[in-house]
Amino acid sequence: MHTDDAYRKLAVRPHLRTGDGVRLPVMTAADRDRLMERADQLASLGFVSSAEQILLRAYYAYALPEGGAYDLIAELHTNRGSETEAARWTEAKKHLLARTSSSLAGRNPE
Amino acid sequence: MTTTTPPAPLSPLEEPAYAHRPPQLTVLADLVQALSGIPAVTRLLVRGSLATGTADRLSDVDLVVAVRDERLPALMGSLDAVMSTEFGTLLPGWRDTIVGDLGGAGFVYLLPHDGHLLQLDLYLCPDSAVDALRRRIGPGLLWQETRPDTGPHPHPHPDADADAQGETAAELARTAVAPANCPTLLVQAMVLHAMLRKRVLRGQEYIAYGLLHQLHETCRDVIRTALVPHSRHHGWYHLPDEVGRTTIGRECLAGLTDALSGPPVPTVAQADQALERIVRLTGWIAPHAVAALSDEITAYRFYQSQEAQA
């Protein structure tokens, strides 16, 4: 589990208080287009890592489906013709979300 | 957080010097490493106290980034995202209105480094204007691109055609006069406050006086922008007439008058009060701006409280 100071501060109490939790907004098509355009501009300038980072940060800003940020990154690379990079992020999503065939079968990946 | 790989090999005498080098040099090395791999960047130059060898622990990092003319607007538009993701800058960049017009655009960032905030001044300059800039302020060349066809960077860049130069100059001029909104003014207040604290700590009273005045002007601009967004007036003109028509406007003017009644050269505590006054007033009249920068304001206060305890 991802923890940080803010999480630990909340976790010392057994119950959340009103206002502790915030429902994240759903990403609209316009939000998505704007974010992908920003990421594409960063990648076009050569800041590929920055482009990936701002898409990963969408996780904290929007109620994305599980693994949605990884899908956005894979889409960025696909749109830019970087199939290898797109495949790398698709694999990363499977691995990080324990969706590999070995983990689905309850076996430890080699 | 920034890291650098030490140059190898170091002699036994060089190792302690490398380990205890000023933090600004670490940041500078990381900037050079990150930016020199970007095709739009043609040259990197250092200026200020790092270039002259007079830096102390409070000194800022001054870097001139020469950018292909046609790519400068795109880089300028992406700079906050780059600085945030690559270097972990605390706030969006503040469009530097203190630096002179050197043909480009300056941005000030605050960078957490080893528990402290470093000031990072980036000056984006169209490649076609860099030679003139070098003649005026003489920054030291840190890096220049090597092109496979022509070798080291030729000056001026042959790709910088007149159309690209004109379009970039127009974009720079447009963004320089774009009206600031309340979130931008809050960022400006925090950056000016960081600069002011540094000057007060150094005992540089004339510069501190100027920065406090700019902080008061920022307070005024927040009030006018939030309460009279379509005002045709600038500066201090007609402020009571425009703002004082409402109860909240009169309360804001009372806060501003209180600010102006303080000493012209502040202590650190008075500088802190000046910033807190701006944040408080903005919370009343433009709560969306404070909400949008809530994390940034908290983080900024945290680092400044760390500095106070150091």
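Start by selecting Asp71(A): this residue is partly exposed, with a relative accessible area of 35% (buried means under 20% relative accessible area, exposed over 50%, and partly exposed in between, using a 1.4 Å probe and protein chains only). You are looking at a predicted model, in which local features need pLDDT of at least 70 and side-chain atom pairs count only at pLDDT 80 or more, while totals for chains, interfaces and linings use all residues. Residues are numbered from 1 along each chain as its sequence is written, chains are lettered from A and ligands numbered from 1 in the order in which they are written, and side-chain values use heavy atoms, with hydrogens and water left out.

(Helices, H or I with at least four residues, and strands, E with at least two, are DSSP runs numbered from the N terminus.) Is Lys93(A) buried or exposed? Lys93(A) is buried, with a relative accessible area of 14%.

Stay on helix H6 and pick Glu91(A) and Lys94(A), which both lie in this helix, 3 residues apart, about one turn. Their salt bridge has its closest N and O atoms 3.5 Å apart. Glu91(A) is partly exposed at 44% relative accessible area, and Lys94(A) is partly exposed at 35%.

Back in chain A, show Arg80(A) with Asp40(A), whose side chains meet in a salt bridge at 3.2 Å, N to O. Here too distant parts of the chain are linked: Arg80(A) is in the loop between helix H5 (68-79) and helix H6 (83-96), Asp40(A) is in helix H2, and the two are 40 residues apart. Both ends count as partly exposed, Arg80(A) at 35% relative accessibility and Asp40(A) at 32%. Over all chains, the structure holds 16 salt bridges.

**Where the chains meet**

Now display the contact between the chains, which takes 12 residues from chain A and 13 residues from chain B (contact means heavy atoms within 4.5 Å). Chain A and chain B bury about 1100 Å² between them, 63% of it on carbon and sulfur atoms (buried area is the accessible area, with a 1.4 Å probe, that two parts lose on being put together, summed over both). Highlight Leu45(A), Phe47(A) and Arg57(A): they supply 54% of the area that chain A buries against chain B, more than any other three residues.

How many salt bridges does the rule find across this interface? The count is 0.

Finish with Cys219(B) and Cys252(B). Cys252(B) is in no disulfide (a pair of cysteine sulfur atoms within 2.5 Å). Cys219(B) is buried at 3% relative accessible area, and Cys252(B) is buried at 0%. Over all chains, the structure holds 0 disulfides.

Technical notes
Salt bridge = Lys/Arg side-chain N within 4 Å of Asp/Glu carboxyl O.
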